[in-house]
Amino acid sequence: MGTGHQLRLYNSLGRRLEDFVPSASVTGVYSCGPTVYGFPHLGNMRAYVFADTLRRALRWKGIDVRHVINITDVGHAVADTDTGEDKLEVAAARERRSVDDIAAFYTGAFMNDVEALNILPAHEYPRASAFVGQMIEFAAKLEAGGFTYRLPSGLYVDTSKSPGYGALAQIDVEGQREAAGVEQAEGRRRKTDFALWRAEQPGQRRVMRWDSPWGPGAPGWHLECSVMSIALLGPHFDIHTGGVDHRELHHVNEIAQSEAYLGDGKPWVRYWLHNEFLQLGDEKMAKSAGGAPRLADITDAGYHPMAYRLFLLGGHYRSQLRFSTAGLDAAQATLRRLASRIQLRPLPPAETLTAAVSHAGGDTAAARMLDQIDEAIASDLATPRILAVLQDALRDPALSLNGRRAVIAAADSLLGLGLAALQPRQVDSRPAASGLSPEQLHVIERLIAERSQARNARDWARADEIRDELDRLSVIVTDTPNGSIWELR
Ligand SMILES: [Zn+2]
């Protein structure tokens with residue numbers, strides 16, 4: 001099958017699917033990282049599982065990647081305003097700890113979640129506070145180029161000088177600031193203008209402060225990502241990722257200042273990829289909402305971290321996902337089923353399409369499944385379809401032993417569930433929150449499996465009979481492209 005299907009990604013710049021063609025021998029990928037003033041919650045981590053899926057897809061296609069995720073330890077103001085207090089300083093005051101302690105502690109918490117979710121480590125995790133000198137130089141160059149103006153509150157980008165301002169957001173720039181709920185600094189000329197430097201106010205003394213040509217103060221949040229990405233990936237790179245909440249403002253501002261800084265008339269970054277939110281109830285999960293569950297909350301309740309990863313990958317990254325205990329229960333049950341059926345270890349290394357095909361030998365059924373996997377990942381990272389192929393591979397009698405191993409290993413290298421090492425006993429059959437006994441869970445699982453078999457055999461009468469039986473047990477079954485999921489009524 002040669003190099004397989006052309007990788008296509010949905011580019012927010014233009015809002016369309018595009019062929020991804022690397023512009024250099026190493027593809028630069030920058031992902032906006034956490035502001036380390038509190039624990040990351042489950043919704044925050046979706047962005048990094050998504051970026052990891054992208055990494056795995058590029059690896060699958062034999063594309064070398066250099067991945068940078070920044071750590072924002074200064075500059076991110078409360079409520080994303082330009083003039084508000086710094087989130088880190090507020091957290092330090094609240095917890096009666098130093099800003100350095102806060103940053104170190106919550107960076108550690110983020111890295112723990114990255115590891116637990118089997119996210120490939122980035123090549124660099126730059127801290128914003130280590131790049132303030134370069135941020136000042138960057139801002140000074142914009143000032144020298146006439147792209148800025150000064151106010152008592154700091155140095156601002158004059159967005160009227162940026163010809164394509166707001167193209168990424170595709171919305172009326174006049175409406176943009178209101179939409180984002182951004183508070184206006186006194187004297188700002190346009191609603192879209194934003195701070196490069198936030199100067200200390202008379203009588204104010206920031207904990208984190210640097211001297212600058214615009215007085216002592218701290219950099220603006222948007223500036224950080226431009227400076228760190230250019231410093232570590234070069235002036236132009238291929239892919240920038242982040243949550244969809246960054247598409248309307250943060251990334252718009254990154255583009256405006258970077259293109260003004262570079263001044264070469266070329267688009268700064270070619271592909272902008274955004275993941276959708278995780279919804280908790282009716283609220284999007286944002287850290288400021290408070291009380292959103294963390295990975296540690298669900299692992300304490302008996303869920304395996306990979307059950308959460310599986311839950312995420314059961315949806316497409318550009319679809320909103322609703323977080324629920326029932327959804328997590330179903331993912332845990334699927335994970336356990338996968339772990340118990342994969343008794344074919346060791347799995348061969350199959351991180352690339354080429355390697356997977358060579359491990360499949362001449363097995364034509366396996367080759368067909370590998371082609372389905374390749375087509376799915378190439379179609380804007382369609383992970384639900386890969387999960388479906390994985391489940392087929394576990395029961396298709398046409399596969400040879402080596403063929404089956406190759407397909408499982410290939411799916412796992414893209415999904416990152418760590419199936420090669422996962423033992424069924426590591427996946428609790430009764431997470432605390434589900435309230436079911438192991439016996440009850442076993443009965444439900446067995447009925448679900450029998451119903452799937454009946455459906456595969458097109459025995460609709462039997463499938464309906466089993467559904468009625470499940471109904472009596474208060475189990476609601478929903479059929480999805482990647483198998484049946486169930487929840488308790
Ligand atoms: Zn950013």
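User: The charged end of which residue sits over the ring of Tyr-10?

Analyst: This is a predicted model, so the distances come from predicted positions. A charge counts as sitting over a ring if CZ of Arg is within 6 Å of the ring centre and within 35 degrees of the ring normal. Over Tyr-10, at 3.9 Å from the ring centre, sits the charged end of Arg-318.

User: Which charged end sits over the ring of Phe-39?

Analyst: Phe-39 counts as partly exposed, at 30% relative accessibility. The charged end over its ring is 3.6 Å from the centre and belongs to Arg-294.

User: Are the planes of Phe-39 and Phe-105 stacked or edge-to-face?

Analyst: A pair of aromatic rings is described by the distance of the centres and the angle of the planes. For Phe-39 and Phe-105 the centres are 5.7 Å apart and the planes stand at 75 degrees. Planes over 60 degrees apart count as edge-to-face, so this pair is edge-to-face.

User: Which parts of the chain does the pair of Tyr-30 and Phe-237 tie together?

Analyst: Tyr-30 and Phe-237 form a tilted aromatic pair, 6.5 Å centre to centre with 50 degrees between the planes. Tyr-30 is buried at 0% relative accessibility, and Phe-237 is buried at 4%. The two residues are 207 apart in sequence, so the pair ties together strand β3 and strand β9.

User: Which residues are the protein donors of the zinc ion?

Analyst: The donors lie 2.0 to 2.7 Å from the zinc ion, and along the chain they follow the spacing C-x192-C-x24-H-x3-E. They are Cys-32 (SG), Cys-225 (SG), His-250 (NE2) and Glu-254 (OE).

User: Where does Cys-225 lie, and is Cys-225 buried or exposed?

Analyst: Cys-32 lies in the loop between β3 and α1, whereas Cys-225 lies in helix α6, so the pair ties together parts that are 193 residues apart in sequence. The relative accessible area of Cys-225 is 1%. Cys-225 is therefore in α6 and buried.

User: Which residues of α16 are buried, and which exposed residues are on the face turned away from them?

Analyst: The buried residues of α16 are Ala-463, Ile-466 and Leu-470. They cover an arc of only 65 degrees around the axis, which puts them on the same side of α16. The face turned away from that buried side carries the exposed residues Ala-461 and Arg-472.

How values were computed:
Residues numbered from 1 in each chain as written. Predicted model: local features only at pLDDT ≥ 70, side-chain atom pairs only at ≥ 80, totals over all residues. Heavy atoms only, no water. Buried < 20%, exposed > 50% of the residue type's maximum accessible area, 1.4 Å probe, protein only. Helix = DSSP H or I, 4+ residues; strand = E, 2+ residues; numbered from the N terminus. Arc of directions from axis to C-beta. Donors = N, O, S within 2.8 Å, 3.2 Å for Na, K, Ca; no water. Phe/Tyr/Trp six-rings, centres within 6.5 Å; stacked < 30°, edge-to-face > 60°.
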